[in-house]
Amino acid sequence: MKYWLFILIPIAFLTSCGDDESEFEPVYDVPSEFQPFVSSFFEIAESKGLVLDTNNIIIRFEQNLEVDELPVCGTSEGPLNAIEQHLILIDEQCLAWRSGELAQEILMFHELGHVFLERVHDETVFPSGDYKTIMFGGNWNILRYYTQDLSKREYYINELFNPLEPTPDWAE
Ligand SMILES: [Zn+2]
């Protein structure tokens with residue numbers, strides 16, 4: 001009888017590990033409002049040689065989003081919270097969502113940066129007053145990125161995918 005226990009325990013352990021991995025099936029559910037930003041993000045990632053699990057993303061609108069009891073424009077779940085299914089929630093009433101396509105792109109790329117690139121918040125401000133990155137975690141002062149000056153977009157996109165991107169001249 002005792003011999004059985006030695007055999008059964010390792011088998012049970014191996015089986016449960018195997019089940020955990022096969023149980024997770026990523027869901028892709030991206031409504032049309034968000035699709036252009038997701039497609040654009042995936043295209044940029046591909047152009048930079050990154051292979052992402054593009055089947056793993058759920059995005060939806062949610063009202064009155066809060067983090068630590070403060071209103072926010074978007075939240076996300078993913079590898080940074082050790083959650084396998086990537087999820088992004090966007091507050092449709094938030095200023096960043098209501099301020100046009102570029103502001104929406106910045107908000108979406110910020111959240112996609114959390115879930116696909118595992119970028120965390122970075123509050124660095126350049127001498128010019130511009131934020132170093134769209135991964136800035138504070139309130140959404142969307143004027144400090146590229147909504148007023150599209151020529152800055154290239155820097156912010158490069159920085160999102162490579163935090164070591166050199167400081168641009170306009171930020172000195
Ligand atoms: Zn964030």
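These are my notebook entries on one protein chain, taken from a predicted model.

**Entry 1: the whole chain**

I began with the overall count. The protein chain has five helices and six strands. Reading from the N terminus, I wrote their order down as α-β-α-β-β-β-β-β-α-α-α. Next I looked up burial. Of the 172 residues in the protein chain, 26% are buried.

**Entry 2**

In which order do the strands of the open sheet lie? I found four strands, in the order β1-β2-β6-β5, with mixed pairing. I then looked up the edges. They are β1, residues 28-29, and β5, residues 74-77. Each of these edge strands pairs on one side only.

I went on to the pairing of β6, residues 87-90. β5 and β6 run antiparallel, and four bridges join them. I noted two of the residue pairs. Gly74 is opposite Ile90 in β6. Thr75 has Leu89 in β6 as its bridge partner.

β6 also pairs with β2, residues 57-61. Here the sense is parallel, again over four bridges. On this side, Phe61 has Ile90 as its bridge partner in β6.

Which residues of β6 are on its covered face, and which on its uncovered one? Ile88 and Ile90 are on the covered face. Leu87 and Leu89 are on the uncovered face.

**Entry 2: helix α4**

Helix α4, residues 101-117, packs on it and touches β5 and β6. The direction of α4 makes about 20° with that of β5. Is α4 mostly covered or uncovered? It is mostly covered, with 15 of its 17 residues buried. I checked what comes after α4. Glu118 follows, and its phi is positive, near 55°.

**Entry 3: helix α2**

Helix α2 covers residues 35-47, which is 13 residues. From its first C-alpha to its last, α2 reaches 18 Å. That is close to the 18 Å expected at 1.5 Å a residue. After α2 comes Gly49, with a positive phi near 80°.

I kept one rule in mind here: most residues other than glycine have a negative phi.

Glu69 is not a glycine, yet its phi is positive, about 65°. Where does Glu69 lie? I found Glu69 in the loop between β3, residues 66-67, and β4, residues 70-71. Is Glu69 buried or exposed? Glu69 is exposed, because 5 other C-beta atoms lie within 10 Å, and the cut-off for exposed is 12 or fewer.

Ala82 is the other one. Its phi is near 55°, which is positive, and Ala82 is not a glycine. Ala82 lies in the loop between β5 and β6. Ala82 has 7 C-beta neighbours inside 10 Å, so it counts as exposed.

Key:
Residues are numbered from 1 along each chain as its sequence is written. This is a predicted model: local features need pLDDT of at least 70, side-chain atom pairs count only at pLDDT 80 or more; totals for chains, interfaces and linings use all residues. Two strands pair if DSSP finds at least two bridges between them. Two residues are in contact if their C-beta atoms, placed from the backbone, lie within 7 Å. Axes are lines fitted to C-alpha atoms, for helices over the stretch in contact, and angles run from 0 to 180 degrees between N-to-C directions. A residue is buried if 20 or more other C-beta atoms lie within 10 Å of its own, exposed if 12 or fewer, and partly exposed in between; C-beta atoms are placed from the backbone. The expected span of a helix is 1.5 Å times one less than its number of residues.
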